Amino acid sequence: MTAAPPAGAPDVPEADDHLRRLPDGTVKQINPFTGTEVWTVPRRGNRPLTGAPAPHLRLDPADAGRHCAFCSGNLLQTPPEKLRRVRDDDGTWRDLRGVTASHLGDTIAEFRVIPNLFEIVSLDYWRHNHGFALPETELERRRAYLADPAGREHVLRLIGLHRPADLLTGGDEAIIADSLMGGFHDVIVARRHHVDGARCDDELASTSTLSVVEHEQFVDVTLQAMRDLFAANPSIRNVVAFQNWLRPAGASFDHLHKQLVGIDEFGRWRNSEVERLRADPQLFTRFGIEFAQSRDLVVATTEHAVAFAGFGHRYPTLEVWSRRGDADPWNLQPQELADMSALLHACHEVSGPSVPCNEEWHYRPPTLDLPMPLRICLKWRISTPAGFEGGSRIYVNTIDPWGVRDRARAAIAQAAEAGRIAPQIRVA
Ligand SMILES: [Zn+2]
């Protein structure tokens, strides 16, 4: 005698290795792209997503703009910026490059692209392993930044705090050659630390608190910065794009930002995905949107993108897929980009500002000749893999895909009713 599946869960054939529900309700999953093996055991999924409540302390108005190194009042605590996106009074957005230290306060940066002070891969890695040399135009930009007295003071102060002392004795050419003045690990920082009018420190400006328009610009400027990295260094084969929200998800600051890291290989994980794709050119069709539809996992759609509950992930995951299978992400048409952004923004409504989460962006790197759609996974970091996972390589995820789906449909429908998400979204 088999137990009935929970209400709303479709009858999944047991022969399907990738996503199957056992008679007791356990859901066994194997990620078709990564091979990651995951079990969800029943009766663990209805717990609230958040753990202990965050501290709730009154904000001191004197600290405005200075809560962390990414804040708008601390622009000199991060390296010289590469690019900023500003919004004019008439609502148009534009990019400024090469703003010197003396002019940082002339405009309000809605988003800034800055080098990561603690880069994973330094410029020397590219020099010594790939013979990389900074082009003359880039050297000129760096020299000009140092020629501005405010720029020199900015850079020397950062070196004093974060670099070995011999960099200061090496002269200007050593300084401009350092990753601190620009490498291939960038951070894209949003303007606000707290929401406008916040009174307490837990009112953080998260992805879901951005407006629909702001979020679209955040996605667009991230793609712009990604394209810049590929263009700046031909040895970059892959730019890893991600967002860590809150410390349990790996963020250094509770200030909204994304990161881009250029690397010289796909990595084992992507390589295995490429192998699977070569063996099965229909991989993304069979296990992407169509599969989600056939298993009733879709949570919301737009004309050009689909959001669904993912399976075979270590953490409960929502996935947003572009319906186009072949585009470089920065070549999406404006409406395709708007639709992707709208669904990603809506998916952040489900977990809200207080749940630690990661975004992982997956796309076809320009050096790959196979079609691969842009897709973004949003993972809720609500559990910690432990000894069982280490010993078995089977991950225990606390909410099964249909549980994620139900929470997501309800939250997105509520956000739609409140007018907080893009109007083109249709809740499944
Ligand atoms: Zn901040």
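# Notebook: pockets, cavities and helix pairs

**Entry 1, the largest pocket.** I started with the open spaces, and the largest pocket came out at a volume of about 900 Å³. I keep in mind that this is a predicted model. Which residues sit closest to the centre of this pocket? I found T34, W269, E360, H362 and K379 there, out of 38 residues that line the pocket. Next I looked up which elements give two or more residues to the lining. They are the strands β8 (238-245), β12 (317-322), β13 (357-362) and β14 (375-380), together with helix α7 (267-279). I also sorted the lining of the largest pocket by class and noted 17 nonpolar, 11 polar and 10 charged residues.

**Entry 2, the cavities.** How many cavities of 30 Å³ or more does the whole structure hold? My search turned up two. The largest cavity has about 60 Å³ of space. Around the largest cavity I listed E110, F111, A190, R191, R192, A205, S206, L210, E214 and L256. By class, that lining has five nonpolar residues, one polar and four charged.

The second largest cavity holds about 40 Å³. Its lining is made up of S206, T207, S208, W245, H348, G352 and C357. Here I noted two nonpolar and five polar residues, with no charged ones.

A reminder to myself before the helix pairs: two packed helices are described by the angle between their axes and the distance between the axes. For helix α2 (residues 136-147) and helix α3 (residues 149-162), I read an angle of about 100° and axes 5 Å apart. Angles from 65 to 115 degrees count as roughly perpendicular, so α2 and α3 are roughly perpendicular to each other. Which residues meet here? From α2 I wrote down Y145, L146 and A147, and from α3 P149, G151, R152, H154 and V155. The contact of α2 with α3 has five nonpolar, two polar and one charged residues.

On the α10 side, the contact is made by A346, C347, E349 and V350. On the α12 side I found R407, A408, A411, I412 and A415. Sorted by class, the contact of α10 with α12 has seven nonpolar residues, no polar ones and two charged.

Last, I looked up the domain assignment, which gives domain 1 (19-52 + 263-427) and domain 2 (68-190). I noticed that domain 1 is written as two stretches of the chain. How many Å apart do the C-alpha centres of domain 1 and domain 2 lie? The value I noted is 34 Å.

Terms used. Residues are numbered from 1 along each chain as its sequence is written. This is a predicted model: local features need pLDDT of at least 70, side-chain atom pairs count only at pLDDT 80 or more; totals for chains, interfaces and linings use all residues. Side-chain values use heavy atoms; hydrogens and water are left out. Domain bounds come from an automatic or database domain assignment. Axes are lines fitted to C-alpha atoms, for helices over the stretch in contact, and angles run from 0 to 180 degrees between N-to-C directions. Helices (H or I, at least four residues) and strands (E, at least two) are DSSP runs, numbered from the N terminus. Angles under 35 degrees count as roughly parallel, over 145 as roughly antiparallel, 65 to 115 as roughly perpendicular and the rest as oblique. Contact means heavy atoms within 4.5 Å. Ala, Val, Leu, Ile, Met, Phe, Trp, Tyr, Cys and Pro count as nonpolar, Asp, Glu, Lys and Arg as charged, and the others, Gly among them, as polar. On a 1 Å grid over the protein atoms alone, a cavity is a set of points where a 1.4 Å probe fits but cannot get out, and a pocket is an open set with protein on both sides within 12 Å along at least five of seven lines; lining residues have an atom within 4 Å of a point. Grid points are joined across faces, edges and corners, and a volume is the space filled by probe spheres set on the points.
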